[in-house]
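Q: I am new to this structure. Please pick one part and look at it closely, then show me what surrounds it.

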Amino acid sequence: MDKLTTANFLLENGLPAPITIKASDWDRNLEKIDPPLLIKPRFPSKRSAKGYDISIVSDNDGIKSFLDSVGDNASDYVFQEYLVGTGLTVDFFCDESGKLISAVPGERLVALSKVFSKSGGGIMSEGKIIHDEEIQQIVRKLTNKMHFYG
């Protein structure tokens with residue numbers, strides 16, 4: 001439920017994740033990440049609130065303008081490395097001991113926001129199941145680092 005904590009956990013455990021920094025720490029992290037960037041609510045529960053949208057900013061002037069607009073609420077946002085490529089999602093199932101039973105990767109074809117797919121992003125509304133051993137290994141590694149049930 002915290003984009004920054006999730007990204008840090010993944011990286012600390014050798015799992016791939018985009019560079020993610022707290023928006024309020026932008027001036028202390030200029031060397032870590034360059035525009036274009038995604039701006040996201042740090043806490044997904046705030047996504048439904050007015051003004052807490054995911055957007056792309058393409059330059060330092062846009063970043064400064066965004067920070068000025070949110071003022072003291074900058075710590076409620078993260079800046080995230082903008083990755084270009086196919087949007088993927090993975091549904092997986094674990095047994096009661098947390099052992100991975102199955103993982104089903106899929107390509108996001110249509111979704112609800114324009115940021116993350118050819119016609120949208122966020123929640124996937126149309127996709128295509130794919131088989132990719134690298135993704136299977138990443139999910140296996142993740143489920144060994146965190147306990148999932150179901």
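A: Start with Trp26. Its relative accessible area is 9%, and under 20% counts as buried, so Trp26 is buried. Keep in mind that this is a predicted model. Now turn to Phe79. Its relative accessible area is 0%, so Phe79 is buried as well.

Next, look at Phe66 and Tyr77. Their ring centres lie 5.0 Å apart, which is within the 6.5 Å needed for a pair. Their planes meet at 85°, and over 60 degrees counts as edge-to-face, so this pair is edge-to-face. Where do Phe66 and Tyr77 lie? Phe66 belongs to helix α2, residues 60-70, and Tyr77 to strand β4. The two parts are 11 residues apart in sequence, so the pair ties them together. Phe66 is buried. Tyr77 is buried too.

How many aromatic pairs are there? The count is 4. One of them joins Trp26 to Phe79. Here the centres are 5.5 Å apart and the planes stand at 90°, an edge-to-face arrangement. This pair links distant parts of the chain, 53 residues apart. Trp26 sits in the loop between β1 (20-22) and β2 (37-41). Phe79 sits in strand β4, residues 77-81.

Strand β4 supplies Tyr77 to one pair and Phe79 to another. How enclosed is β4? Of its 5 residues, 4 are buried, so the rest of the structure largely encloses this strand.

Now step back to the sheet. Strands of a sheet pair through backbone hydrogen bonds, in either a parallel or an antiparallel sense. Here 4 strands form an open sheet, in the order β1-β4-β2-β3, and the pairing is antiparallel. In that order, β4 stands between β1 and β2. Which strands are at the edges? They are β1 and β3, and each pairs on one side only. On average, neighbouring strands are turned by 30° against each other, with direction ignored.

Helices pack here too. α1 packs on the sheet and touches β1, β2 and β4. The direction of α1 makes about 140° with that of β1. α2, the helix that carries Phe66, lies across β2, β3 and β4. Its run is at about 165° to β4.

β1 and β4 are antiparallel and pair over 3 bridges. Thr20, for example, has Gln80 in β4 as its bridge partner. On the other pairing of β4, 5 bridges join it to β2, again antiparallel. There Lys40 stands opposite Val78 of β4. Then comes β2 with β3: 3 bridges join these antiparallel strands. Leu38 has its bridge partner in β3, namely Ile56.

Side chains of opposite charge can pair when their charged atoms come close. How many salt bridges does the whole structure hold? A search finds 4. In one of them, Arg42 meets Asp2 at 2.9 Å, N to O. Distant parts are linked here, 40 residues apart. Arg42 is in the loop between β2 and β3 (55-57), and Asp2 is in the segment before α1 (3-12). Is this pair buried or exposed? Arg42 is buried, and Asp2 is buried.

Asp68 has 54% relative accessibility, so it counts as exposed.

A further salt bridge joins Lys128 to Glu107, with the closest N and O atoms 3.6 Å apart. Lys128 lies in strand β7 (residues 124-129) and Glu107 in strand β6 (residues 100-111), so parts 21 residues apart in sequence are tied together. Lys128 counts as partly exposed at 45% relative accessibility. Glu107 is buried, with a relative accessible area of 12%.

Note on methods
Residues numbered from 1 in each chain as written. Predicted model: local features only at pLDDT ≥ 70, side-chain atom pairs only at ≥ 80, totals over all residues. Heavy atoms only, no water. Phe/Tyr/Trp six-rings, centres within 6.5 Å; stacked < 30°, edge-to-face > 60°. Buried < 20%, exposed > 50% of the residue type's maximum accessible area, 1.4 Å probe, protein only. Salt bridge = Lys/Arg side-chain N within 4 Å of Asp/Glu carboxyl O. Pairing = 2+ DSSP bridges. Axes fitted to C-alpha atoms, helices over the stretch in contact; angles between N-to-C directions. Contact = heavy atoms within 4.5 Å.
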